[in-house]
Amino acid sequence: MSKARSNPYNQDYKVILRNRIMVLREGYRSINENMANIIEITDFELSELDVYARYSEVQLLRIHEPKPGIFIAESPKVIERALDAGYEPISMLVEHRHIETQAKGLITRCGDIPVYTAEYEVLTKLTGFALTRGMLCAMKRRVLPTVAEVCQNARRIAVLENVVNPTNVGAIFRSAAALHMDAVLLTPGCSNPLYRRAMRVSMGTVFQVPWTIFPEKEKWPEDGMACLQKLGFKTAAMALRDDSVSIDDAGLMAEDKLAVVLGTEGDGLGVTTIADCDYTVKIPMAHGVDSLNVAAASAVAFWQLGNRT
């Protein structure tokens, strides 16, 4: 009987696997020399992983009430911008292959916080979603500034009324950052800007544009509009109304301080909100198109009305 032949594919795979393990070990060793705390995930039930695996974003938001809660930043760019803005990291979840590459600088920057790591498939199973660029970071929220503090030096601000989709909130922040808006204010019915998807879609610009949420104890729009008026802002409701002015109206563009008010997906701004605004503004559209998604409309409005000085 002839001898069984070895499978060269299996042999090659074993060599590749062995080499990869050696590289990972060397990477852990070099990072650990800089005080990082790299922890291989062997137990899905580890309580420290609850923030990544078992808590909803609302639970994380309220986890330390009445004190500020926690948020989960996703991707190196978002994490970097959060750190640049002074947010405090708690722990990281990092795919193996990024430990010694794109995550290395961030891990070193965060000092000795726990860095939990595993292969991509393990992390996807743990979190329930595919990680963008293989990184998550749990971070501490901060006490929100007041409306007056956010608007102190602003000339052009965006006001979001009950925009509930985090993708839209993130896209609006990204446009606000790119197109010369000085601040963003949100009603309590909006999706929180520090929800994971909003941050990711914004590319971390939620950490670059000043923002806050109108207090829940105050009545919107009455109290919110009165506050903006007291701060010297004229208000422009983006709405599809026959009595509106064009977005390039000379008087509108000449206003020294302007708040661009955008409404919820589908229904748009409330009737009372529109009535309380100084202007009702309409974006001219062609080919029978009667409306734009709120994120798309915000980009057009910010480009036309943003603070370019």
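Guide: Helix H13 (residues 294–305) lies across strand E6 (156–160), strand E9 and strand E11 (258–262), and runs at about 165° to E11. Helices (H or I, at least four residues) and strands (E, at least two) are DSSP runs numbered from the N terminus. Axes are lines fitted to C-alpha atoms, for helices over the stretch in contact (heavy atoms within 4.5 Å), and angles run from 0 to 180 degrees between N-to-C directions. This is a predicted model, in which local features need pLDDT of at least 70 and side-chain atom pairs count only at pLDDT 80 or more, while totals for chains, interfaces and linings use all residues. Residues are numbered from 1 along each chain as its sequence is written, and side-chain values use heavy atoms, with hydrogens and water left out.

Visitor: In what order do the strands of the open sheet stand?

Guide: Strands of a sheet pair through backbone hydrogen bonds, either parallel or antiparallel. Here 7 strands form an open sheet in the order E8-E7-E6-E11-E9-E12-E10, with parallel pairing; two strands pair if DSSP finds at least two bridges between them. Strand E8 (211–213) and strand E10 (245–246) are at the edges with a single partner strand each, so one side of each has no neighbour in the sheet.

Visitor: How many bridges join E6 to E7, and how many join E9 to E12?

Guide: The parallel strands E6 and E7 are joined by 4 bridges, and Leu186 in E7 is the bridge partner of Leu160. Strand E9 (residues 234–238) and strand E12 (residues 279–282), also parallel, are joined by 3 bridges. Met238 stands opposite Val281 in E12.

Visitor: Which way do the residues of E7 point?

Guide: In a regular strand the side chains alternate between the two faces of the sheet. In E7, Ala183 and Leu185 point one way, Val184 and Leu186 point the other way, and all are buried (under 20% relative accessible area; exposed is over 50%, partly exposed is in between, with a 1.4 Å probe and protein chains only).

Visitor: What span should helix H8 have?

Guide: The expected span of a helix is 1.5 Å times one less than its number of residues. Helix H8 (residues 166–178) has 13 residues, so it should span 18 Å, and this agrees with its end C-alpha atoms, which are 18 Å apart.

Visitor: Which residues of H8 are buried, and what covers them?

Guide: An α-helix has 3.6 residues a turn, so residues three or four places apart point the same way. In H8 the buried residues are Asn168, Val169, Gly170, Ile172, Phe173, Ser175 and Ala176. Their cover includes E6, strand E7 (183–186), helix H9 (196–202), E8 and H13. Take Ser175 as one case: Ser175 counts as buried because its relative accessibility is 14%. Leaving aside residues up to four places away in sequence, Ser175 touches Ser298, Ala299 and Phe302.

Visitor: What is found at the start of H8, and what just after H8?

Guide: At the start of H8, a side-chain oxygen of Asn165 comes within 2.8 Å of the backbone nitrogen of Thr167. Such a polar contact is a pair of N or O atoms within 3.5 Å; within protein, one must be able to donate a hydrogen and the other to accept it, and residues adjacent in sequence count only if both atoms are side-chain atoms. Just after H8, His180 has a positive phi of about 70°. A further polar pair involves Thr117 in strand E4 (residues 114–118): a polar atom of the side chain of Thr117 lies 2.8 Å from the backbone oxygen of Val94. Thr117 counts as buried, at 0% relative accessibility.

Visitor: Where do Met203 and His287 lie, and what is the phi of each?

Guide: Met203, in the loop between H9 and E8, has a positive phi near 60° and counts as partly exposed at 32% relative accessibility. His287, in the loop between E12 and H13, has a positive phi of about 60° although it is not a glycine. His287 is exposed, with a relative accessible area of 83%.

Visitor: How many helices and strands has the chain?

Guide: The chain has 13 helices and 12 strands, and 44% of its 309 residues count as buried.
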